[in-house]
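The sequence and the model are shown first.

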Amino acid sequence: MSATKLPVWDLTDFYPSNNSKEFNSEIENLDQKINIFLKKYKGKISKGESGFIEKSIIDFEKIEEIFVKIKSYVFLYYCTDQLNENKTSFYQKIQEKLVKLESKILFYNLEINKISQSSVKKLSSSKFFPWIKNQRKFKKYQKSESIEKVLMQKSVTSHNSWTRLFDETMARLKFKLGKKELNESEILNLMSSNKSAVRRNAAISFGSTLKKNIHLFSLITNTLSKDLNIENSLRGFKSIDSSRHLSNQVDPEDVDCLVKTVKRNYSRLSHRYYEYKAKSFGKSKLDYWDRNAPYPKQHSKNISWNDAKEIVLKSYSSFDKEISSIVALFFKNSWIHAPVSDGKTSGAFAHPTVPTCHPYILLNYQNKVRDVMTLSHELGHGVHQYLANKNGLLLADTPLTLAETASVFGEMLTFKFILNRAKSKIEIKTILRSKIEDMLNTVVRQISFYEFEKMIHEKRFSGELTVNDINEIWLKTQIESLGDFIKISGDFKYFWAYIPHFIHSPFYVYAYAFGDCLVNSLYAKYEDGEKKFNEKYLNLLKSGGTKHYSELLKDFGLNPKDPEFWQSGLNIIKNLIDELEKLG
């Protein structure tokens with residue numbers, strides 16, 4: 001299917017346009033509302049009665065919703081066309097305006113954390129109590145209002161600017177392949193071509209282009225690492241990833257338990273699978289560009305957008321009608337942007353936006369089975385965000401620990417649906433291989449990324465890292481996770497440079513492994529006929545940020561502090577490899 005027939009999103013659910021009266025008046029009115037809020041609440045929160053405090057939270061949520069609505073619109077408007085100077089200029093202009101406005105309301109969170117413990121207890125019956133508790137976890141890491149304002153205002157020229165530089169650099173890069181010049185999404189897609197020479201040439205072109213720009217990527221990485229270190233030191237965080245764990249509402253020991261369990265399983269999962277794959281290719285080792293290659297004699301199946309839509313809708317419908325009806329809204333109402341185009345951000349995401357609007361999904365759809373799984377994944381996020389939005393803005397945000405639950409569960413539903421429709425042995429093997437590779441990329445690869453990040457940030461304490469320093473850490477973590485049956489060579493050492501999560505959200509990557517293992521354990525409960533599973537699952541999605549993940553998982557008899565919880569999730573991958581090997 002041609003790109004012109006793929007859906008693009010309609011952002012008029014936010015504003016008629018970026019220069020409309022509605023958009024401009026929204027920003028003007030926001031300033032006025034903040035000034036009213038200041039007069040009404042500044043300096044009065046910590047000594048206020050519980051009713052006064054709750055009313056202030058309601059008013060604060062209304063203002064925050066406007067902020068997030070504007071930010072969401074501007075980001076979605078910009079991210080599909082980052083080579084357009086008018087859009088990039090508009091994006092930066094609005095960002096700077098919003099930071100100026102946000103600095104005026106910074107006092108509020110600080111004053112919430114000055115409320116006495118006895119006053120907090122009086123608020124225990126408030127619907128906002130979970131939000132208050134989460135805010136107060138940051139109390140000992142917050143600084144004075146004047147320092148917080150400086151940090152916020154400086155973010156425009158520090159973290160935000162370096163992130164923007166990375167995004168726009170990647171959007172502008174062209175990768176030569178013969179006479180063609182391809183963008184990032186197009187060249188990465190060719191690395192899973194069914195032609196060995198195409199994969200090899202794509203990988204060489206990709207690595208070569210990263211190498212030519214590696215000084216810039218190294219500078220961005222070093223600067224952002226130092227920036228994070230300065231803020232962590234100023235706030236008093238004891239370890240480099242403490243701030244991420246706190247914002248994720250995750251217990252560090254649960255993450256440690258996950259990481260240790262996954263690393264113990266490297267040999268029985270990724271190493272074992274890549275040995276199997278190398279043998280299938282008649283090689284002692286696979287070249288790194290063959291890691292995600294289609295198998296010999298396996299024909300890549302082109303899946304049209306309409307077929308992908310049908311597969312995903314049917315797979316969700318087979319599980320739950322309420323969830324399926326929400327999935328259908330994304331197709332019906334132009335909430336998806338699917339074509340590949342120059343200047344568009346690569347990869348895929350689901351953006352929750354605000355409760356008064358709805359989530360939006362970005363894809364780079366290229367008619368592959370993996371693209372269908374990505375569609376299913378992002379729609380899972382969309383469903384989760386849609387359901388959680390009913391809690392209101394402050395309580396809708398799902399902690400990272402559960403943020404990948406619905407997405408990975410949706411992938412599993414689609415995988416099972418496709419597998420059950422398979423008729424031949426080769427078709428079954430193809431589907432199993434694809435799913436195993438996706439799961440290894442989600443679990444093993446992401447934990448290796450997390451290890452890479454930790455080592456980078458720890459070593460950065462001692463001074464700026466050279467390109468060679470970063471390359472060595474990258475190679476160490478990748479060789480450890482991939483094993484002896486993947487041949488690492490050439491410019492693969494520069495492949496760390498294109499991973500956006502390292503730039504946008506340091507240490508985010510463990511969430512994928514967390515979510516995959518968690519969902520594998522959940523799905524096993526579903527297949528075993530867990531009583532009232534759908535009801536419990538929908539309750540989990542609807543809860544947003546109102547409950548801790550340990551409380552929600554307890555309903556299913558699951559405990560993330562137990563290594564066996566993570567091991568049972570990893571065993572699902574092992575069992576799929578067992579099944580594949582039995583097929584020969």
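Which residue in E6 does Ala350 stand opposite? Ala350 stands opposite Ile361.

## Basis of the model

The model is predicted, with local features requiring pLDDT of at least 70 and side-chain atom pairs counted only at pLDDT 80 or more, while totals for chains, interfaces and linings use all residues. Residues are numbered from 1 along each chain as its sequence is written, and side-chain values use heavy atoms, with hydrogens and water left out.

## The open sheet

Three strands, in the order E4-E6-E5, form an open sheet with mixed pairing. Its edge strands, each pairing on one side only, are E4 (336-337) and E5 (349-351). Strand E6 (residues 360-362) runs antiparallel to E5, and three bridges join the two. Strands count as paired if DSSP finds at least two bridges between them. Helices (H or I, at least four residues) and strands (E, at least two) are DSSP runs, numbered from the N terminus.

## Helix H17 and Ala388

Ala388 belongs to helix H17 (residues 369-388). Ala388 counts as buried because its relative accessibility is 0%; buried means under 20% relative accessible area, exposed over 50% and partly exposed in between, with a 1.4 Å probe and protein chains only. Neighbours within four places in sequence aside, Ala388 is in contact with Ala396, Thr398, Leu541, Lys542 and Gly544, where contact means heavy atoms within 4.5 Å. Ala388 and Thr546 are 158 residues apart in sequence, and their C-alpha atoms are 9.4 Å apart in space.

H17 also packs with helix H21 (residues 425-442), at an angle of about 55° and with the axes 11 Å apart. Therefore, H17 is oblique to H21 (under 35 degrees is roughly parallel, over 145 roughly antiparallel, 65 to 115 roughly perpendicular and the rest oblique). Axes are lines fitted to C-alpha atoms, for helices over the stretch in contact, with angles from 0 to 180 degrees between N-to-C directions. Val369, Arg370 and Met373 in H17 meet Ser434, Glu437 and Asp438 in H21. By class, this contact of H17 with H21 has two nonpolar, one polar and three charged residues.

## Helices H13 and H28

The axes of helix H13 (residues 252-264) and helix H28 (residues 563-583) cross at roughly 45° and come within 9 Å. H13 is therefore oblique to H28. On the H13 side, the contact is made by Asp254, Cys257, Leu258, Thr261, Val262 and Arg264; H28 contributes Pro563, Trp566, Gln567 and Leu570.

Definitions and conventions. Nonpolar A, V, L, I, M, F, W, Y, C, P; charged D, E, K, R; others polar.
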